Protein chains: 2
Amino acid sequence: MRPFAKRLQDIEPFRVVEVLTRARMLERAGRSIMHLEAGEPDFATADPIIRAGQAALARGATGYSQAAGIPELREAIARWYEEEYGITVNPSRILVTPGASGALLLVAALLVNPGDGVLMADPGYPCNRNFLRLVEGEAQLVPVGAAERYQLLPGIAEKHWQPNTAGVLVASPANPTGESLTRAELSGLQSLTKQRGGFLVVDEIYHGLTYGFQAPSILQLTDEAFVINSFSKYFGMTGWRLGWLVAPEAAVPELEKLAQNLFISMSTMGQYAALAAFEPETRAILDARRDIYAQRRDFLLPHLQRLGFDVPLTPGGALYIYAGIERFSRDSQRFCLDMLEQHGVAITPGADFGRHKANTHVRFAYTTSMEALEEAVSRLERVLG
Amino acid sequence: MRPFAKRLQDIEPFRVVEVLTRARMLERAGRSIMHLEAGEPDFATADPIIRAGQAALARGATGYSQAAGIPELREAIARWYEEEYGITVNPSRILVTPGASGALLLVAALLVNPGDGVLMADPGYPCNRNFLRLVEGEAQLVPVGAAERYQLLPGIAEKHWQPNTAGVLVASPANPTGESLTRAELSGLQSLTKQRGGFLVVDEIYHGLTYGFQAPSILQLTDEAFVINSFSKYFGMTGWRLGWLVAPEAAVPELEKLAQNLFISMSTMGQYAALAAFEPETRAILDARRDIYAQRRDFLLPHLQRLGFDVPLTPGGALYIYAGIERFSRDSQRFCLDMLEQHGVAITPGADFGRHKANTHVRFAYTTSMEALEEAVSRLERVLG
């Protein structure tokens with residue numbers, strides 16, 4: 001057989017998927033497994049959204065819809081920015097996408113020429129670098145630690161800017177660390193990219209999942225950045241595959257052209273269902289779930305610290321605790337395998353999120369019940385305590 | 001603002017979308033428009049599929065599912081190959097994708113290095129060349145006409161093979177011509193690509209929509225080709241965004257890696273709904289719809305020929321009649337605009353499908369009721385008859 005394209009050599013599998021697969025295999029063999037690996041809310045989609053989806057199906061909303069999304073949903077997202085952030089975003093600047101994954105594909109296709117580099121924090125979301133690789137661009141991973149709140153701060157981005165750097169991609173709150181960028185930091189990144197003639201992409205998919213504060217949106221500061229968001233996390237709609245992209249007005253026609261060619265359309269009934277995500281009844285359910293995540297974080301974090309995991313900062317958002325394991329191991333893949341195989345606790349090795357200190361970090365996702373978290377802690381206690 | 005990536009200059013918008021948008025605008029202004037432009041079945045998704053989708057939502061099938069698709073659906077597709085074509089396809093070789101669009105993205109990412117060329121027929125499906133452009137590959141468009149049944153026959157492919165040609169992409173039945181490749185022709189393409197060390201991709205998304213015969217599948221001849229298929233056309237599920245890819249066994253791990261990174265998952269409830277597409281009750285509905293398409297073709301084709309459109313072959317499949325307009329115009333975009341604006345008949349200009357004789361061809365889609373087709377014919381008769 002003909003060799004596969006060279007890019008395949010640089011694209012790594014999602015290790016968390018492998019952990020999940022192995023965990024399910026052990027469960028089928030009768031083992032009890034506590035699932036702290038998946039970056040996915042453990043609640044089914046809220047009932048009002050379900051009902052709206054069923055109603056859309058009942059009335060036959062099963063055909064293609066506009067490549068940029070149905071107008072009603074683009075308008076609902078614009079109203080959400082108005083209500084939540086007090087900002088006016090023209091619905092024409094909002095493109096619905098097949099998950100944040102689709103938005104990342106559009107942004108990579110629009111902005112990155114072969115050989116272009118994009119600065120991003122290491123650790124970070126693993127797929128980002130592979131979208132760049134797809135279009136023959138290059139992820140320029142910048143090692144960040146607790147001193148930088150695991151974020152690509154403006155001064156660090158400036159220091160790492162290369163001759164081929166085309167722009168910056170940050171996430172706030174971030175996976176796997178849960179850390180957000182402040183308004184001043186976002187502003188600094190905007191100034192830097194503007195001054196260097198680069199682009200700024202901000203992944204805001206964990207907006208809404210912050211505990212005791214609201215993460216600022218780059219859209220409060222500028223219309224020139226690209227924002228990636230999603231119905232998956234706060235809105236709890238992972239399996240529907242819907243996200244969105246907010247772009248500068250001038251980029252919209254080009255993005256629509258890409259979306260027509262690459263996607264044709266998103267799930268039509270899914271978009272009608274997503275309209276219900278913004279209803280007060282749904283928001284009350286989603287906010288109650290957010291409070292449950294906060295309680296889980298507040299339970300899990302001190303226990304992990306007590307057991308000797310190194311978590312120097314309290315993660316303010318997302319669904320994760322990124323923990324140093326130096327006290328136990330310098331091989332996080334081995335450590336995760338042991339925890340799963342011998343103790344029935346599924347967590348994700350740091351290598352899924354980059355290279356920087358990946359061998360001495362793991363990610364705990366508190367996407368499971370309090371009971372499961374308690375059981376996980378007592379299992380960890382037996383082996384590490 | 002930073003210039004967009006260079007590839008955007010080579011990616012054209014889907015003209016049919018612009019025709020559709022303009023047609024809807026005229027309708028909102030009170031005009032009566034006959035829609036013969038859209039490549040989409042005009043029937044809502046069949047009831048048993050709708051009900052299965054509603055049931056999946058009711059039981060909370062709203063989370064992520066496997067990157068390669070739910071096992072039940074991969075197995076159902078394998079059984080369909082067994083029942084319809086009498087062939088055994090290992091379900092592990094079948095990856096569910098977000099529409100055939102997702103399958104095209106996977107194939108381009110897997111097989112095409114920057115600078116690689118892929119041979120394809122002109123006219124053909126317009127997005128194909130843009131998936132290649134995305135990964136810095138090159139569509140090598142081969143002009144084909146009625147003498148070649150508008151297909152990239154093995155001898156023609158051989159003649160056009162370039163030093164940088166990496167493989168061949170054909171569609172059978174094809175959009176916009178409705179022409180299929182015979183078993184012998186598919187076999188010839190398989191031999192040619194094997195001998196040249198290239199890949200063979202066959203787009204079979206219009207399988208099931210053939211009139212009076214069954215189009216052969218390349219899978220009846222070899223396990224080495226890549227097959228793209230879809231739930232959109234015969235199965236009538238456009239707005240659900242589900243397709244599939246059948247790949248050689250050795251390519252599956254690499255494709256799964258790509259799917260994990262690029263899609264994470266497809267619509268989960270959509271996949272459970274699609275299981276119902278294979279039930280006898282649904283198949284009876286779908287086959288009855290296929291017979292309706294055949295009746296529409298049999299009505300429209302002789303009328304178009306009588307009016308002076310040049311359609312030398314009877315299209316055996318898909319949803320289209322690709323018609324020469326030399327008797328009326330040598331500017332198909334102008335012709336389509338006139339037909340829409342002045343006579344309320346929406347059709348698609350040839351330029352959507354390539355460059356070869358695009359100015360003297362248009363595509364009629366018989367994706368509207370017999371009454372609308374009759375009205376379209378009488379409107380055309382008034383101006384052209």
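The following paragraphs lead through a predicted model, from the relation of its chains to individual residues.

The relation between chain A and chain B comes first. Two copies of a chain are related by a rotation about an axis and a shift along it.

The interface itself brings 64 residues of chain A into contact with 64 residues of chain B. On the side of chain A that touches chain B, at least two residues are supplied by each of helix 2 (47-58), helix 4 (99-111), helix 5 (127-134), helix 8 (252-262) and helix 9 (268-275) of chain A. Sorted by class, this side of chain A has 35 nonpolar, 21 polar and 8 charged residues.

A residue in one of these helices gives a local view of the contact between chains. A:Gly53 is found in helix 2 of chain A. A:Gly53 counts as buried because 29 C-beta neighbours lie inside 10 Å, where 20 or more are required. Leaving aside residues up to four places away in sequence, A:Gly53 touches A:Met269, A:Gly270 and A:Ala273 in its own chain, and B:Leu57 in the other. By contrast, 36 Å separate the C-alpha atoms of A:Gly53 and A:Leu186, which are 133 residues apart along the chain.

Within chain A, the domain assignment gives domain 1 (6-44 + 282-384) and domain 2 (63-279). The centres of these two domains of chain A, taken over C-alpha atoms, are separated by 25 Å. Contact between them involves 32 residues of domain 1 of chain A and 34 residues of domain 2 of chain A. On the side of domain 1 that touches domain 2, helix 10 (280-307) and strand 9 (320-324) of chain A each supply at least two residues. Helix 10 of chain A provides the largest share of that side, with 8 residues. The residues of this side of domain 1 of chain A divide into 15 nonpolar, 7 polar and 10 charged.

Helix 10 of chain A also meets another helix. Two packed helices are described by the angle between their axes and the distance between the axes. For helix 10 of chain A and helix 12 (residues 370-384) of chain A, the axes come within 11 Å and cross at roughly 0 degrees. These two helices of chain A are therefore roughly parallel to each other, as angles under 35 degrees count as such. Helix 10 of chain A contributes A:Arg296, A:Phe299, A:Leu300, A:His303 and A:Leu307, which meet A:Met370, A:Leu373, A:Val377, A:Leu380, A:Glu381 and A:Leu384 in helix 12 of chain A. By class, this helix contact has 8 nonpolar, 1 polar and 2 charged residues.

In chain A, A:Ser172 and A:Pro173 are joined by a cis peptide bond with omega of about -5 degrees; A:Pro173 lies in the loop between strand 5 (165-171) and helix 7 (183-196) of chain A. In chain B, a cis peptide bond with omega of about 15 degrees joins B:Asp122 and B:Pro123, and B:Pro123 is placed in the loop between strand 3 (117-122) and helix 5 (127-134) of chain B.

Positive phi values are found in two further loops. A:Ile264, in the loop between helix 8 and helix 9 of chain A, is not a glycine but has a positive phi of about 65 degrees. A:Ile264 counts as buried, with 23 C-beta neighbours inside 10 Å. B:Arg149, also a residue other than glycine, has a positive phi near 50 degrees. The loop that holds B:Arg149 runs between strand 4 (138-143) and helix 6 (154-160) of chain B, and B:Arg149 is buried, with 21 other C-beta atoms within 10 Å.

B:Ile205 counts as buried because it has 26 C-beta neighbours inside 10 Å. Apart from residues up to four places away in sequence, B:Ile205 touches B:Ala100, B:Ile228, B:Asn229, B:Ser230, B:Ser232 and B:Lys233. From C-alpha to C-alpha, B:Ile205 and B:Ala174 are 8.7 Å apart in space and 31 residues apart in sequence.

Methods
Residues are numbered from 1 along each chain as its sequence is written. Chains are lettered from A and ligands numbered from 1 in the order in which they are written. This is a predicted model: local features need pLDDT of at least 70, side-chain atom pairs count only at pLDDT 80 or more; totals for chains, interfaces and linings use all residues. A residue is buried if 20 or more other C-beta atoms lie within 10 Å of its own, exposed if 12 or fewer, and partly exposed in between; C-beta atoms are placed from the backbone. Two residues are in contact if their C-beta atoms, placed from the backbone, lie within 7 Å. Domain bounds come from an automatic or database domain assignment. Helices (H or I, at least four residues) and strands (E, at least two) are DSSP runs, numbered from the N terminus. Ala, Val, Leu, Ile, Met, Phe, Trp, Tyr, Cys and Pro count as nonpolar, Asp, Glu, Lys and Arg as charged, and the others, Gly among them, as polar. Axes are lines fitted to C-alpha atoms, for helices over the stretch in contact, and angles run from 0 to 180 degrees between N-to-C directions. Angles under 35 degrees count as roughly parallel, over 145 as roughly antiparallel, 65 to 115 as roughly perpendicular and the rest as oblique.
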